[in-house]
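Please read this note alongside the model.

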Amino acid sequence: MTATETPVHGLLIDGEWRQGAGVLERRNPARPSELVARVATAGPDDVRAAYDAAAAAAPGWRRTPPPKRGEILFAAAALLAQRVDAIGEELSREEGKTLAEGRGEVARAVQILRWFAGEASQPLGDVLPSAGATTFVWSERAPLGVVCVITPWNFPVAIPIWKIAPALAFGNTVVWKPSELTPLCAVRVAQVLTEAGLPPGVLNVVHGLPSEIGDAVTGDERIAALTFTGSTATGRRIQRAVVGRGVKVQLELGGKNPVIVLDDADLEQAVEQTLRGAMMSSGQKCTATSRALVLPGIRDAFAQRLIDRVGALRVGDPLLERTQIGPLVSEGQRDRVVSYLDVAAQEGHELAVGGRDAAPDGDGWFVAPTVYRDVDPASRLGQEEVFGPVLGLIAVDSLEQAVEVANGTQYGLSASIFTRDIARAFAFVREVEAGMVHVNSETAGAEPQVPFGGSKASSSGSREQGKAAVAFFTETKTVYLDMPSS
Ligand code: NDP
């Protein structure tokens with residue numbers, strides 16, 4: 001099929017798939033000559049129409065009994081479960097993560113949908129004591145109205161679901177702007193939800209470049225709340241643009257996630273978990289491990305084993321079962337990560353494995369898994385989010401110094417320690433500045449029932465997922481009920 005014969009997926013507005021102002025083409029990051037999808041892009045008028053639809057649908061959806069909303073989400077989960085293999089493969093083709101990771105992400109999205117479908121039937125509120133002898137007081141959680149959802153490309157199925165499912169379960173309507181790099185995954189998510197029976201206008205999807213529709217997406221006066229995942233710079237810019245209008249904002253942003261390896265760690269476990277944390281999804285995770293802080297007694301053994309394992313990783317076409325590391329999502333992201341390899345060279349860190357010249361041949365957007373030794377924690381490589389398969393080893397002499405270095409960046413998303421010593425593990429848990437802390441496992445999120453998010457520059461607003469999602473997607477309504485006095 002030629003490019004012009006490939007069907008153009010529409011924008012979802014008021015329950016209809018509509019053509020838009022233009023067409024966006026998405027190519028396979030492992031083979032950029034291969035077209036993956038063509039998708040309609042919105043103009044500002046389309047975005048306004050999406051908000052019109054979301055605002056018009058809000059009263060009806062708000063009044064829909066919560067268990068009924070849950071039924072639709074359960075039906076969506078069942079449809080998605082039937083499509084794990086197909087959508088997982090499209091995800092690999094579009095985003096570049098391996099087939100196992102793509103299918104794993106879709107399977108995880110099914111679990112998230114099921115969890116929030118169940119949440120729609122959970123109690124939401126409290127009965128409260130009152131000083132009035134005959135006064136009955138309770139608080140309940142009410143929907144906010146129209147929620148703007150902005151999602152990145154790195155988990156193009158799971159992240160949208162973990163924002164959209166709670167928004168809908170708790171009675172809000174949604175205008176969603178997915179990343180222009182993963183529009184096909186967005187179409188698949190929206191198809192599953194609409195086929196499950198979502199009424200028109202409850203979910204609207206507008207594709208397009210931020211330069212063309214960014215202001216329209218974030219500028220609509222009817223937005224009650226905005227949830228965003230992406231870079232700290234973009235998230236904060238959007239936050240500044242909307243808070244003056246009283247919009248409730250939730251940001252999930254970057255990370256510079258450390259692991260600390262103590263002398264008594266299980267070496268095999270520490271190496272394998274660090275490898276997974278740093279290299280899976282080609283390091284394109286906000287929770288990716290990017291610094292390993294290692295104590296002297298285990299430093300050489302840890303470094304040697306890790307470097308051997310990283311050097312043996314199979315990089316290539318993510319659709320081949322044997323591949324362990326796929327390409328980066330785009331030429332721009334590849335160039336950005338390569339620019340950090342140049343920074344590392346300028347800063348004089350010792351290249352242990354990988355590097356600029358180790359990427360596989362071909363025209364895909366690959367970067368070889370790369371490890372530097374003796375990284376200065378104050379350097380750019382020690383401080384800035386790279387978002388690629390790049391790990392810095394940092395020498396530390398004590399747990400106290402390790403925690404100080406771990407806390408010494410602007411970020412605070414996830415952190416891990418490897419040790420057999422419970423007392424030192426507890427000391428780490430107490431002192432480390434991170435929203436998600438692990439003992440003897442990789443830096444990561446997220447099960448649907450567990451709050452996800454970070455401290456410092458890694459997040460803003462309430463946590464995502466689990467019971468924490470209620471705090472963001474609803475507001476408290478307090479009710480005083482007194483009997484008529486006669
Ligand atoms: P951005 O933060 O710029 O983009 C994230 C999302 O926001 C995308 O959907 C993007 O759309 C959208 N967006 C950007 N600007 C606007 C705007 N003005 N109005 C509305 N939506 C907007 O990240 P990038 O994709 O450019 O990646 C750059 C870096 O960000 C990465 O290298 C990484 O460090 C970090 N990042 C962190 C992520 C995380 O999980 N915390 C996820 C992705 C990136 P579009 O894609 O169409 O441009």
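**Notes on the ligand site**

1. A polar side-chain atom of Glu180 is 2.4 Å from an oxygen atom of the ligand, a polar contact being a pair of N or O atoms within 3.5 Å. The protein buries 88% of the 860 Å² that the ligand exposes when taken alone (Shrake-Rupley accessible area, 1.4 Å probe).

2. This is a predicted model, in which local features need pLDDT of at least 70, side-chain atom pairs count only at pLDDT 80 or more, and totals for chains, interfaces and linings use all residues. Residues are numbered from 1 along each chain as its sequence is written, and side-chain values use heavy atoms, without hydrogens and water.

3. An N or O atom in the Trp153 side chain is 2.7 Å from an oxygen atom of the ligand. For Asn154, a polar side-chain atom lies 3.2 Å from a ligand oxygen atom.

4. The shell around the ligand divides into nine nonpolar, ten polar and four charged residues (Asp, Glu, Lys and Arg count as charged; Ala, Val, Leu, Ile, Met, Phe, Trp, Tyr, Cys and Pro as nonpolar; the others, Gly among them, as polar).

5. Domain 1 (8-253 + 460-478) and domain 2 (257-439) each give at least three residues to this shell, with bounds from an automatic or database domain assignment.

Terms used. A polar contact is a pair of N or O atoms within 3.5 Å; within protein, one must be able to donate a hydrogen and the other to accept it, and residues adjacent in sequence count only if both atoms are side-chain atoms.
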